[in-house]
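I have the structure open and my notebook next to me. Time to write down what I look up, one entry at a time.

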Amino acid sequence: TTEHRFAAVDLGASSGRVIVGEVAPERLTLHEAHRFPNQPTRLLGTLHWDILSLYQGVLDGLTAAAAQTTGNTTLTSIGIDTWAVDYGLLAADGTLLANPVHYRDTRTTGAAEKVAAVLPPQALYAATGIQHLPFNTIYQLIAAQGTPALTAAHRLLLIPDLISYWLTGEPGTELTNASTTQLIDPRTRDWATPVAEALGIDLSLFPPLRHPGDPAGTLRQDVLTEAGLTHPLPVTAVGSHDTASAVVGVPATTPDFAYIATGTWSLAGLELDAPVLTEESRAANFTNELGVDGTVRYLRNIMGLWMLQECVRTWNTEATPTSSTSSTSTTSSTDLTALLQAAAQTTPLRSVVDAGDPAFIAPHHMPDRIADACRRTGQPIPRTPAETTRCVLDSLALAHRRAIEDATRLSGRTVSAVHIVGGGVHNTLLCQLTADACGLPVIAGPAEAAALGNVLVQARTAGVINGGLPELRALLHSTQPLRQYEPTGDHSAWDRAAARLGDPQVTRAAT
Ligand code: ADP
Ligand code: LRH
(Lines give C-alpha, C1' and ligand atoms only; values in the text may rest on other atoms or scores of the structure.)
(Ligands and ions follow the chains in the order given, each with its own letter.)
Protein backbone atom coordinates (compact mmCIF):
# COMPACT_ATOMS: atom_id res chain seq x y z
CA THR A 1 0.00 0.00 0.00
CA THR A 2 1.19 3.51 -0.78
CA GLU A 3 2.12 5.64 2.17
CA HIS A 4 1.24 9.33 2.16
CA ARG A 5 2.81 12.09 4.20
CA PHE A 6 0.98 15.08 5.58
CA ALA A 7 2.47 18.07 7.39
CA ALA A 8 0.55 19.31 10.42
CA VAL A 9 1.38 22.83 11.53
CA ASP A 10 0.23 23.03 15.17
CA LEU A 11 0.82 26.30 17.00
CA GLY A 12 0.16 26.12 20.74
CA ALA A 13 0.57 28.83 23.34
CA SER A 14 3.73 27.23 24.67
CA SER A 15 5.32 25.92 21.48
CA GLY A 16 4.81 25.66 17.75
CA ARG A 17 5.51 22.45 15.90
CA VAL A 18 5.48 21.06 12.38
CA ILE A 19 4.81 17.34 12.50
CA VAL A 20 4.79 14.93 9.57
CA GLY A 21 2.25 12.13 9.68
CA GLU A 22 2.75 9.02 7.54
CA VAL A 23 -0.59 7.44 6.78
CA ALA A 24 -1.74 4.29 5.04
CA PRO A 25 -4.81 2.18 5.79
CA GLU A 26 -4.03 0.57 9.21
CA ARG A 27 -0.84 2.64 9.60
CA LEU A 28 -0.18 6.00 11.23
CA THR A 29 3.17 7.31 12.48
CA LEU A 30 4.35 10.80 13.42
CA HIS A 31 7.75 12.47 13.04
CA GLU A 32 8.39 15.85 14.60
CA ALA A 33 10.10 17.93 11.89
CA HIS A 34 10.54 21.10 13.99
CA ARG A 35 9.50 22.55 17.34
CA PHE A 36 10.03 26.19 18.28
CA PRO A 37 9.15 28.35 21.28
CA ASN A 38 6.18 30.69 21.28
CA GLN A 39 7.29 33.72 23.28
CA PRO A 40 4.92 36.66 23.43
CA THR A 41 6.29 40.20 23.66
CA ARG A 42 4.96 43.15 25.63
CA LEU A 43 5.16 46.21 23.43
CA LEU A 44 4.09 49.67 24.67
CA GLY A 45 2.21 47.93 27.48
CA THR A 46 0.26 45.52 25.26
CA LEU A 47 1.00 41.78 25.10
CA HIS A 48 1.46 40.60 21.48
CA TRP A 49 2.16 37.32 19.74
CA ASP A 50 5.47 37.40 17.89
CA ILE A 51 3.64 36.42 14.73
CA LEU A 52 6.54 36.79 12.27
CA SER A 53 8.76 34.58 14.40
CA LEU A 54 5.96 31.99 14.50
CA TYR A 55 5.57 32.22 10.72
CA GLN A 56 9.35 31.75 10.35
CA GLY A 57 9.05 28.67 12.60
CA VAL A 58 6.38 27.32 10.22
CA LEU A 59 8.67 27.92 7.20
CA ASP A 60 11.61 26.29 8.99
CA GLY A 61 9.34 23.36 9.85
CA LEU A 62 8.18 22.96 6.27
CA THR A 63 11.83 23.12 5.15
CA ALA A 64 12.72 20.34 7.62
CA ALA A 65 9.65 18.33 6.56
CA ALA A 66 10.59 18.73 2.89
CA ALA A 67 14.14 17.59 3.63
CA GLN A 68 12.76 14.46 5.33
CA THR A 69 10.38 13.66 2.50
CA THR A 70 12.32 13.72 -0.72
CA GLY A 71 12.19 11.41 -3.71
CA ASN A 72 9.05 9.34 -4.02
CA THR A 73 7.75 10.20 -0.53
CA THR A 74 6.80 13.84 -1.06
CA LEU A 75 4.24 15.63 1.07
CA THR A 76 0.62 15.28 -0.05
CA SER A 77 -0.74 18.34 1.77
CA ILE A 78 -0.44 20.70 4.73
CA GLY A 79 -2.97 21.52 7.47
CA ILE A 80 -2.80 24.32 10.01
CA ASP A 81 -4.24 24.56 13.51
CA THR A 82 -3.54 27.06 16.28
CA TRP A 83 -5.00 28.44 19.49
CA ALA A 84 -8.40 30.14 19.17
CA VAL A 85 -9.95 33.64 19.38
CA ASP A 86 -7.04 35.87 18.21
CA TYR A 87 -6.70 37.53 14.83
CA GLY A 88 -4.70 39.77 12.50
CA LEU A 89 -6.11 42.76 10.62
CA LEU A 90 -5.18 43.33 6.99
CA ALA A 91 -5.29 46.32 4.67
CA ALA A 92 -6.83 45.98 1.20
CA ASP A 93 -3.43 45.06 -0.26
CA GLY A 94 -2.96 42.28 2.31
CA THR A 95 -0.53 44.17 4.57
CA LEU A 96 -0.78 43.23 8.23
CA LEU A 97 -1.94 46.45 9.93
CA ALA A 98 -0.92 45.61 13.49
CA ASN A 99 0.76 42.81 15.35
CA PRO A 100 -1.90 40.41 16.69
CA VAL A 101 -2.68 41.00 20.37
CA HIS A 102 -2.40 38.06 22.81
CA TYR A 103 -5.62 36.85 24.42
CA ARG A 104 -3.98 37.25 27.84
CA ASP A 105 -3.68 41.02 27.34
CA THR A 106 -5.97 43.06 29.58
CA ARG A 107 -7.36 45.31 26.83
CA THR A 108 -10.72 43.53 27.07
CA THR A 109 -11.31 44.65 30.67
CA GLY A 110 -14.77 46.24 30.72
CA ALA A 111 -15.74 44.96 27.24
CA ALA A 112 -18.18 42.36 28.63
CA GLU A 113 -20.11 45.12 30.42
CA LYS A 114 -20.34 47.10 27.14
CA VAL A 115 -21.65 44.02 25.33
CA ALA A 116 -24.11 43.24 28.16
CA ALA A 117 -25.54 46.76 27.92
CA VAL A 118 -26.64 45.96 24.34
CA LEU A 119 -27.16 42.20 24.51
CA PRO A 120 -27.88 40.57 27.89
CA PRO A 121 -25.63 37.54 28.59
CA GLN A 122 -28.67 35.24 28.39
CA ALA A 123 -29.48 36.41 24.84
CA LEU A 124 -25.83 36.21 23.75
CA TYR A 125 -25.57 32.63 25.03
CA ALA A 126 -28.87 31.58 23.48
CA ALA A 127 -27.58 32.88 20.13
CA THR A 128 -23.99 31.62 20.23
CA GLY A 129 -23.67 28.98 23.01
CA ILE A 130 -20.17 30.21 23.83
CA GLN A 131 -18.81 30.26 27.39
CA HIS A 132 -18.02 33.69 28.75
CA LEU A 133 -14.27 34.19 28.63
CA PRO A 134 -12.98 37.75 28.78
CA PHE A 135 -10.86 37.27 25.67
CA ASN A 136 -13.47 35.93 23.22
CA THR A 137 -13.02 37.64 19.84
CA ILE A 138 -16.30 39.49 20.31
CA TYR A 139 -14.87 41.29 23.37
CA GLN A 140 -11.55 41.92 21.64
CA LEU A 141 -13.41 43.57 18.75
CA ILE A 142 -15.47 45.70 21.12
CA ALA A 143 -12.27 46.76 22.92
CA ALA A 144 -10.66 47.57 19.55
CA GLN A 145 -13.62 49.59 18.22
CA GLY A 146 -12.43 53.01 17.00
CA THR A 147 -8.74 52.07 16.97
CA PRO A 148 -6.82 53.07 13.83
CA ALA A 149 -6.07 49.44 12.89
CA LEU A 150 -9.66 48.20 13.13
CA THR A 151 -10.99 51.35 11.47
CA ALA A 152 -8.60 50.89 8.54
CA ALA A 153 -9.03 47.10 8.31
CA HIS A 154 -10.26 45.57 5.08
CA ARG A 155 -10.09 42.02 6.37
CA LEU A 156 -9.82 40.05 9.63
CA LEU A 157 -8.09 36.66 9.67
CA LEU A 158 -8.06 34.34 12.68
CA ILE A 159 -4.53 33.11 13.47
CA PRO A 160 -4.60 29.79 11.54
CA ASP A 161 -6.32 31.54 8.62
CA LEU A 162 -3.62 34.25 8.73
CA ILE A 163 -0.82 31.66 8.53
CA SER A 164 -2.72 29.90 5.74
CA TYR A 165 -3.13 33.21 3.89
CA TRP A 166 0.57 33.98 4.12
CA LEU A 167 1.39 30.52 2.75
CA THR A 168 -1.16 30.52 -0.09
CA GLY A 169 -2.51 34.03 -0.69
CA GLU A 170 -6.05 32.58 -0.29
CA PRO A 171 -8.19 34.12 2.46
CA GLY A 172 -10.81 32.08 4.31
CA THR A 173 -12.43 31.61 7.74
CA GLU A 174 -12.38 28.05 9.01
CA LEU A 175 -15.57 27.16 10.87
CA THR A 176 -14.37 25.34 14.02
CA ASN A 177 -12.16 28.25 14.99
CA ALA A 178 -14.75 30.81 13.84
CA SER A 179 -17.08 29.40 16.50
CA THR A 180 -14.70 30.69 19.20
CA THR A 181 -15.29 34.26 18.04
CA GLN A 182 -18.75 34.09 19.74
CA LEU A 183 -20.20 35.31 16.42
CA ILE A 184 -21.44 31.93 15.11
CA ASP A 185 -24.87 30.39 15.69
CA PRO A 186 -24.17 26.74 16.66
CA ARG A 187 -27.58 25.60 15.35
CA THR A 188 -27.13 26.90 11.81
CA ARG A 189 -23.30 26.67 11.95
CA ASP A 190 -23.25 30.05 10.22
CA TRP A 191 -22.69 33.65 11.29
CA ALA A 192 -24.93 34.99 14.07
CA THR A 193 -25.72 38.08 12.04
CA PRO A 194 -28.19 39.65 14.54
CA VAL A 195 -25.51 39.48 17.28
CA ALA A 196 -22.92 41.18 15.08
CA GLU A 197 -25.41 43.83 13.96
CA ALA A 198 -26.50 44.61 17.52
CA LEU A 199 -22.87 45.13 18.53
CA GLY A 200 -21.75 47.06 15.44
CA ILE A 201 -19.31 44.31 14.40
CA ASP A 202 -18.73 44.23 10.65
CA LEU A 203 -18.97 40.58 9.56
CA SER A 204 -17.80 41.48 6.06
CA LEU A 205 -14.28 41.70 7.55
CA PHE A 206 -14.30 37.89 7.73
CA PRO A 207 -13.64 36.06 4.44
CA PRO A 208 -16.14 33.30 3.54
CA LEU A 209 -16.42 30.28 5.83
CA ARG A 210 -14.61 27.08 4.93
CA HIS A 211 -15.04 23.67 6.55
CA PRO A 212 -12.56 21.00 7.65
CA GLY A 213 -11.69 19.02 4.53
CA ASP A 214 -12.18 21.95 2.15
CA PRO A 215 -9.32 22.94 -0.13
CA ALA A 216 -7.54 26.04 1.18
CA GLY A 217 -5.22 26.99 -1.68
CA THR A 218 -1.75 25.91 -2.76
CA LEU A 219 1.61 27.17 -1.52
CA ARG A 220 2.82 30.38 -3.17
CA GLN A 221 5.86 29.99 -5.38
CA ASP A 222 8.05 32.06 -3.04
CA VAL A 223 7.03 29.84 -0.11
CA LEU A 224 7.90 26.70 -2.10
CA THR A 225 11.30 28.17 -2.90
CA GLU A 226 11.88 29.28 0.70
CA ALA A 227 11.01 25.81 2.04
CA GLY A 228 13.02 23.93 -0.60
CA LEU A 229 9.88 22.26 -1.94
CA THR A 230 10.02 21.32 -5.58
CA HIS A 231 6.40 20.49 -6.37
CA PRO A 232 3.05 22.30 -5.87
CA LEU A 233 1.57 21.58 -2.46
CA PRO A 234 -2.04 22.10 -1.39
CA VAL A 235 -3.19 23.35 2.00
CA THR A 236 -6.27 21.50 3.28
CA ALA A 237 -8.59 23.07 5.85
CA VAL A 238 -8.60 20.98 9.03
CA GLY A 239 -10.17 21.67 12.41
CA SER A 240 -8.06 24.83 12.54
CA HIS A 241 -8.91 25.38 16.20
CA ASP A 242 -6.26 23.25 17.94
CA THR A 243 -8.87 21.91 20.35
CA ALA A 244 -11.07 20.80 17.42
CA SER A 245 -8.13 18.86 15.97
CA ALA A 246 -7.19 17.50 19.42
CA VAL A 247 -10.71 16.12 19.89
CA VAL A 248 -10.52 14.39 16.49
CA GLY A 249 -7.28 12.95 17.92
CA VAL A 250 -9.01 11.32 20.92
CA PRO A 251 -8.58 7.52 20.51
CA ALA A 252 -12.05 6.67 21.83
CA THR A 253 -13.55 3.29 21.03
CA THR A 254 -17.01 3.90 22.54
CA PRO A 255 -19.42 6.82 22.22
CA ASP A 256 -19.72 7.39 26.00
CA PHE A 257 -16.35 9.05 26.54
CA ALA A 258 -15.30 12.35 28.03
CA TYR A 259 -12.10 14.09 26.95
CA ILE A 260 -9.66 16.48 28.50
CA ALA A 261 -7.30 18.24 26.12
CA THR A 262 -4.55 19.30 28.52
CA GLY A 263 -1.76 21.66 27.53
CA THR A 264 -1.54 25.33 28.34
CA TRP A 265 -5.32 25.00 28.89
CA SER A 266 -7.42 22.06 30.03
CA LEU A 267 -10.50 21.75 27.84
CA ALA A 268 -12.75 19.21 29.50
CA GLY A 269 -16.09 17.95 28.24
CA LEU A 270 -18.05 15.86 25.77
CA GLU A 271 -18.59 15.55 22.04
CA LEU A 272 -22.26 16.11 21.17
CA ASP A 273 -24.40 16.12 18.02
CA ALA A 274 -26.26 19.29 18.96
CA PRO A 275 -25.58 22.31 21.18
CA VAL A 276 -26.94 22.69 24.72
CA LEU A 277 -28.14 26.28 24.94
CA THR A 278 -30.07 26.20 28.20
CA GLU A 279 -29.84 28.87 30.85
CA GLU A 280 -28.48 26.23 33.23
CA SER A 281 -25.67 25.52 30.78
CA ARG A 282 -24.85 29.23 30.55
CA ALA A 283 -24.79 29.56 34.33
CA ALA A 284 -22.39 26.61 34.49
CA ASN A 285 -20.18 28.39 31.92
CA PHE A 286 -20.16 25.60 29.35
CA THR A 287 -19.25 26.29 25.77
CA ASN A 288 -20.59 24.83 22.51
CA GLU A 289 -17.65 25.13 20.13
CA LEU A 290 -18.09 23.62 16.70
CA GLY A 291 -16.18 20.47 15.87
CA VAL A 292 -15.25 18.44 12.81
CA ASP A 293 -18.00 16.45 11.01
CA GLY A 294 -20.91 18.46 12.40
CA THR A 295 -20.05 17.80 16.06
CA VAL A 296 -20.23 20.16 19.01
CA ARG A 297 -17.46 20.43 21.61
CA TYR A 298 -19.41 20.86 24.82
CA LEU A 299 -16.71 21.79 27.31
CA ARG A 300 -15.42 24.14 29.96
CA ASN A 301 -12.10 26.00 29.72
CA ILE A 302 -9.98 25.29 32.77
CA MET A 303 -6.77 27.19 33.45
CA GLY A 304 -4.62 24.12 32.70
CA LEU A 305 -0.87 23.67 32.95
CA TRP A 306 -0.47 27.39 32.35
CA MET A 307 -0.65 27.78 36.12
CA LEU A 308 2.33 25.45 36.54
CA GLN A 309 4.26 26.97 33.60
CA GLU A 310 3.88 30.41 35.14
CA CYS A 311 4.92 29.21 38.61
CA VAL A 312 8.03 27.58 37.14
CA ARG A 313 8.84 30.75 35.23
CA THR A 314 8.54 32.79 38.43
CA TRP A 315 10.77 30.38 40.38
CA ASN A 316 13.37 30.35 37.59
CA THR A 317 13.34 34.14 37.39
CA GLU A 318 13.76 34.43 41.16
CA ALA A 319 16.65 31.97 41.05
CA THR A 320 18.41 33.73 38.14
CA PRO A 321 17.24 37.35 37.97
CA THR A 322 18.70 37.82 34.48
CA SER A 323 16.76 34.94 32.92
CA SER A 324 14.03 35.41 30.33
CA THR A 325 10.86 37.26 31.27
CA SER A 326 8.77 35.77 28.50
CA SER A 327 5.43 34.19 29.29
CA THR A 328 6.36 30.70 28.23
CA SER A 329 7.89 28.00 30.32
CA THR A 330 11.65 28.32 30.65
CA THR A 331 12.03 25.08 32.53
CA SER A 332 13.71 22.05 31.04
CA SER A 333 11.78 18.80 31.26
CA THR A 334 14.39 17.63 33.81
CA ASP A 335 13.41 20.44 36.19
CA LEU A 336 9.77 19.62 35.66
CA THR A 337 10.32 15.91 36.25
CA ALA A 338 12.06 16.60 39.58
CA LEU A 339 9.34 19.03 40.62
CA LEU A 340 6.58 16.56 39.78
CA GLN A 341 8.35 13.80 41.71
CA ALA A 342 8.60 16.08 44.75
CA ALA A 343 4.93 17.10 44.35
CA ALA A 344 3.92 13.43 44.35
CA GLN A 345 5.46 13.10 47.85
CA THR A 346 3.57 16.06 49.41
CA THR A 347 0.30 15.83 51.35
CA PRO A 348 -2.60 15.24 48.93
CA LEU A 349 -5.44 17.77 48.74
CA ARG A 350 -3.94 20.02 51.39
CA SER A 351 -5.20 23.11 49.57
CA VAL A 352 -7.17 23.53 46.35
CA VAL A 353 -8.04 26.58 44.27
CA ASP A 354 -10.68 27.22 41.59
CA ALA A 355 -8.75 26.39 38.41
CA GLY A 356 -11.46 28.02 36.31
CA ASP A 357 -11.02 31.41 37.94
CA PRO A 358 -10.23 34.13 35.34
CA ALA A 359 -8.03 35.70 38.04
CA PHE A 360 -5.35 33.25 36.87
CA ILE A 361 -5.47 34.26 33.18
CA ALA A 362 -2.89 37.06 33.16
CA PRO A 363 0.84 36.33 33.40
CA HIS A 364 3.08 37.08 36.42
CA HIS A 365 3.06 36.38 40.17
CA MET A 366 1.30 33.02 39.83
CA PRO A 367 2.61 31.49 43.12
CA ASP A 368 1.40 34.60 44.99
CA ARG A 369 -2.03 34.48 43.33
CA ILE A 370 -2.35 30.80 44.26
CA ALA A 371 -1.33 31.58 47.86
CA ASP A 372 -3.91 34.41 47.99
CA ALA A 373 -6.66 32.08 46.76
CA CYS A 374 -5.76 29.53 49.48
CA ARG A 375 -5.77 32.27 52.12
CA ARG A 376 -9.16 33.58 50.99
CA THR A 377 -10.71 30.12 51.28
CA GLY A 378 -9.17 29.48 54.71
CA GLN A 379 -6.81 26.72 53.54
CA PRO A 380 -3.11 26.22 54.31
CA ILE A 381 -0.82 28.30 52.10
CA PRO A 382 1.61 26.17 50.04
CA ARG A 383 5.15 26.93 51.28
CA THR A 384 7.43 25.25 48.74
CA PRO A 385 7.45 24.83 44.95
CA ALA A 386 6.55 21.16 45.46
CA GLU A 387 3.52 22.08 47.61
CA THR A 388 2.41 24.76 45.14
CA THR A 389 2.78 22.29 42.27
CA ARG A 390 0.68 19.75 44.18
CA CYS A 391 -1.94 22.41 44.84
CA VAL A 392 -2.10 23.20 41.10
CA LEU A 393 -2.38 19.54 40.08
CA ASP A 394 -4.97 18.67 42.74
CA SER A 395 -6.93 21.77 41.69
CA LEU A 396 -6.76 20.82 38.00
CA ALA A 397 -7.91 17.27 38.75
CA LEU A 398 -10.80 18.63 40.80
CA ALA A 399 -11.76 21.05 38.02
CA HIS A 400 -11.58 18.19 35.48
CA ARG A 401 -13.96 16.15 37.62
CA ARG A 402 -16.37 19.03 38.07
CA ALA A 403 -16.42 19.79 34.33
CA ILE A 404 -17.13 16.17 33.40
CA GLU A 405 -19.82 15.80 36.07
CA ASP A 406 -21.47 19.06 35.02
CA ALA A 407 -21.24 18.20 31.30
CA THR A 408 -22.93 14.83 31.80
CA ARG A 409 -25.67 16.34 33.97
CA LEU A 410 -26.35 19.25 31.61
CA SER A 411 -26.36 17.12 28.46
CA GLY A 412 -28.07 14.04 29.90
CA ARG A 413 -25.19 11.82 28.75
CA THR A 414 -23.21 9.17 30.64
CA VAL A 415 -19.48 8.60 30.64
CA SER A 416 -17.56 5.36 31.12
CA ALA A 417 -13.99 6.58 30.52
CA VAL A 418 -12.04 9.82 30.37
CA HIS A 419 -9.47 10.41 27.63
CA ILE A 420 -6.58 12.76 28.32
CA VAL A 421 -4.72 14.08 25.26
CA GLY A 422 -2.14 16.88 24.83
CA GLY A 423 1.13 17.72 26.61
CA GLY A 424 -0.42 16.88 30.00
CA VAL A 425 -0.26 13.18 29.00
CA HIS A 426 3.44 13.39 29.99
CA ASN A 427 2.38 14.43 33.51
CA THR A 428 1.63 11.02 35.05
CA LEU A 429 0.73 12.55 38.42
CA LEU A 430 -1.95 14.73 36.80
CA CYS A 431 -3.34 11.72 34.89
CA GLN A 432 -3.54 9.61 38.06
CA LEU A 433 -5.08 12.44 40.11
CA THR A 434 -7.67 12.98 37.38
CA ALA A 435 -8.61 9.27 37.47
CA ASP A 436 -8.84 9.45 41.28
CA ALA A 437 -10.93 12.65 41.26
CA CYS A 438 -13.31 11.46 38.52
CA GLY A 439 -13.58 7.94 39.91
CA LEU A 440 -13.25 6.75 36.29
CA PRO A 441 -10.54 5.09 34.23
CA VAL A 442 -8.35 7.59 32.41
CA ILE A 443 -6.82 6.67 29.05
CA ALA A 444 -3.85 8.95 28.44
CA GLY A 445 -2.47 9.66 24.98
CA PRO A 446 -1.62 10.76 22.43
CA ALA A 447 0.28 13.87 23.55
CA GLU A 448 0.27 15.28 20.01
CA ALA A 449 -3.46 14.74 19.49
CA ALA A 450 -3.94 18.08 17.71
CA ALA A 451 -1.30 17.21 15.11
CA LEU A 452 -2.84 13.74 14.72
CA GLY A 453 -6.37 15.12 14.28
CA ASN A 454 -4.97 17.57 11.76
CA VAL A 455 -3.18 14.78 9.81
CA LEU A 456 -6.23 12.46 9.89
CA VAL A 457 -8.57 15.05 8.38
CA GLN A 458 -6.03 15.73 5.62
CA ALA A 459 -5.54 12.01 4.98
CA ARG A 460 -9.29 11.48 4.71
CA THR A 461 -9.62 14.40 2.30
CA ALA A 462 -6.82 12.93 0.18
CA GLY A 463 -8.72 9.62 0.08
CA VAL A 464 -5.96 7.71 1.91
CA ILE A 465 -8.34 6.68 4.72
CA ASN A 466 -12.12 6.58 4.91
CA GLY A 467 -14.87 6.87 7.43
CA GLY A 468 -16.24 9.12 10.12
CA LEU A 469 -14.72 10.08 13.46
CA PRO A 470 -15.18 6.56 14.93
CA GLU A 471 -13.06 5.07 12.12
CA LEU A 472 -10.38 7.76 12.45
CA ARG A 473 -10.30 7.14 16.20
CA ALA A 474 -10.07 3.37 15.74
CA LEU A 475 -6.91 3.97 13.69
CA LEU A 476 -5.49 6.06 16.54
CA HIS A 477 -6.42 3.42 19.08
CA SER A 478 -4.65 0.68 17.14
CA THR A 479 -1.50 2.68 16.31
CA GLN A 480 -0.74 5.11 19.15
CA PRO A 481 0.83 4.25 22.52
CA LEU A 482 -1.76 4.76 25.27
CA ARG A 483 -1.61 4.34 29.03
CA GLN A 484 -4.55 3.54 31.28
CA TYR A 485 -4.90 4.83 34.88
CA GLU A 486 -7.45 3.24 37.22
CA PRO A 487 -9.01 5.33 39.99
CA THR A 488 -7.33 4.83 43.38
CA GLY A 489 -7.62 6.26 46.90
CA ASP A 490 -10.47 7.53 49.01
CA HIS A 491 -12.98 9.13 46.65
CA SER A 492 -14.68 11.04 49.48
CA ALA A 493 -11.47 13.06 50.03
CA TRP A 494 -12.22 14.74 46.68
CA ASP A 495 -15.79 15.50 47.77
CA ARG A 496 -14.46 17.17 50.91
CA ALA A 497 -11.89 19.17 48.91
CA ALA A 498 -14.60 20.24 46.46
CA ALA A 499 -16.78 21.38 49.37
CA ARG A 500 -14.02 23.75 50.51
CA LEU A 501 -14.47 25.71 47.27
CA GLY A 502 -18.28 25.57 47.16
CA ASP A 503 -19.60 25.80 43.60
CA PRO A 504 -17.03 28.02 41.87
CA GLN A 505 -19.52 29.07 39.19
CA VAL A 506 -21.95 30.29 41.83
CA THR A 507 -19.17 31.90 43.91
CA ARG A 508 -17.77 33.74 40.89
CA ALA A 509 -21.18 34.91 39.72
CA ALA A 510 -21.77 36.43 43.18
CA THR A 511 -18.51 38.42 43.27
P1 ADP B 1 0.19 23.89 24.01
O2 ADP B 1 -0.33 23.11 22.82
O3 ADP B 1 -0.86 24.69 24.68
O4 ADP B 1 1.40 24.70 23.64
P5 ADP B 1 1.10 21.31 25.00
O6 ADP B 1 -0.03 20.41 24.66
O7 ADP B 1 2.34 21.23 24.18
O8 ADP B 1 0.64 22.82 25.11
O9 ADP B 1 1.46 21.03 26.52
C10 ADP B 1 2.49 21.72 27.16
C11 ADP B 1 2.53 21.28 28.62
O12 ADP B 1 2.75 19.87 28.70
C13 ADP B 1 3.69 21.89 29.39
O14 ADP B 1 3.31 23.12 29.97
C15 ADP B 1 3.97 20.85 30.44
O16 ADP B 1 3.25 21.15 31.63
C17 ADP B 1 3.44 19.55 29.86
N18 ADP B 1 4.57 18.68 29.53
C19 ADP B 1 5.21 18.59 28.35
N20 ADP B 1 6.23 17.70 28.43
C21 ADP B 1 6.23 17.22 29.69
C22 ADP B 1 7.02 16.26 30.41
N23 ADP B 1 8.03 15.62 29.84
N24 ADP B 1 6.68 16.02 31.70
C25 ADP B 1 5.65 16.65 32.29
N26 ADP B 1 4.88 17.55 31.67
C27 ADP B 1 5.16 17.83 30.39
C1 LRH C 1 -6.08 25.97 23.43
C2 LRH C 1 -7.06 27.04 23.03
C3 LRH C 1 -8.38 26.89 23.76
C4 LRH C 1 -8.85 28.31 23.75
C5 LRH C 1 -7.58 29.05 24.08
C6 LRH C 1 -7.57 30.49 23.74
O7 LRH C 1 -4.85 26.13 22.77
O8 LRH C 1 -7.29 27.04 21.65
O9 LRH C 1 -9.30 26.00 23.16
O10 LRH C 1 -9.92 28.57 24.56
O11 LRH C 1 -6.56 28.32 23.39
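This is a predicted model: local features need pLDDT of at least 70, side-chain atom pairs count only at pLDDT 80 or more; totals for chains, interfaces and linings use all residues.

**Around ligand 2**

I sorted the shell around ligand 2 by class and got seven nonpolar, five polar and one charged residues. Next I looked up who sits closest: of the 13 residues around ligand 2, the nearest are Trp83, Ala84, Asp242, Thr243 and Trp265.

**Around ligand 1**

I did the sorting again here. The shell around ligand 1 has 13 polar and four nonpolar residues, and no charged ones. In total there are 17 residues around ligand 1, and Gly12, Gly263, Thr264, Gly423 and His426 come nearest. I also checked which helices reach this shell: H12 (306-319) and H13 (333-344) each supply at least two of its residues.

**Helix H14**

Which residues of helix H14 are buried? I went through residues 366-376 and found Met366, Pro367, Ile370, Ala373 and Cys374. These residues are on the same side of H14, because they cover an arc of only 125 degrees around the axis. I jotted down the rule behind this: an α-helix has 3.6 residues a turn, so residues three or four places apart point the same way.

Then I turned to the other side of H14, where Asp368, Arg375 and Arg376 are exposed.

What covers the buried residues of H14? My list includes H12 and helix H15 (385-411).

Last entry: Gly378 follows H14, and its phi is positive, near 65 degrees.

Key
Residues are numbered from 1 along each chain as its sequence is written. Chains are lettered from A and ligands numbered from 1 in the order in which they are written. A residue is near a molecule or strand if its C-beta atom, placed from the backbone, lies within 6 Å of it. Ala, Val, Leu, Ile, Met, Phe, Trp, Tyr, Cys and Pro count as nonpolar, Asp, Glu, Lys and Arg as charged, and the others, Gly among them, as polar. Helices (H or I, at least four residues) and strands (E, at least two) are DSSP runs, numbered from the N terminus. A residue is buried if 20 or more other C-beta atoms lie within 10 Å of its own, exposed if 12 or fewer, and partly exposed in between; C-beta atoms are placed from the backbone. The arc is that of the directions from the helix axis to the C-beta atoms. Two residues are in contact if their C-beta atoms, placed from the backbone, lie within 7 Å.
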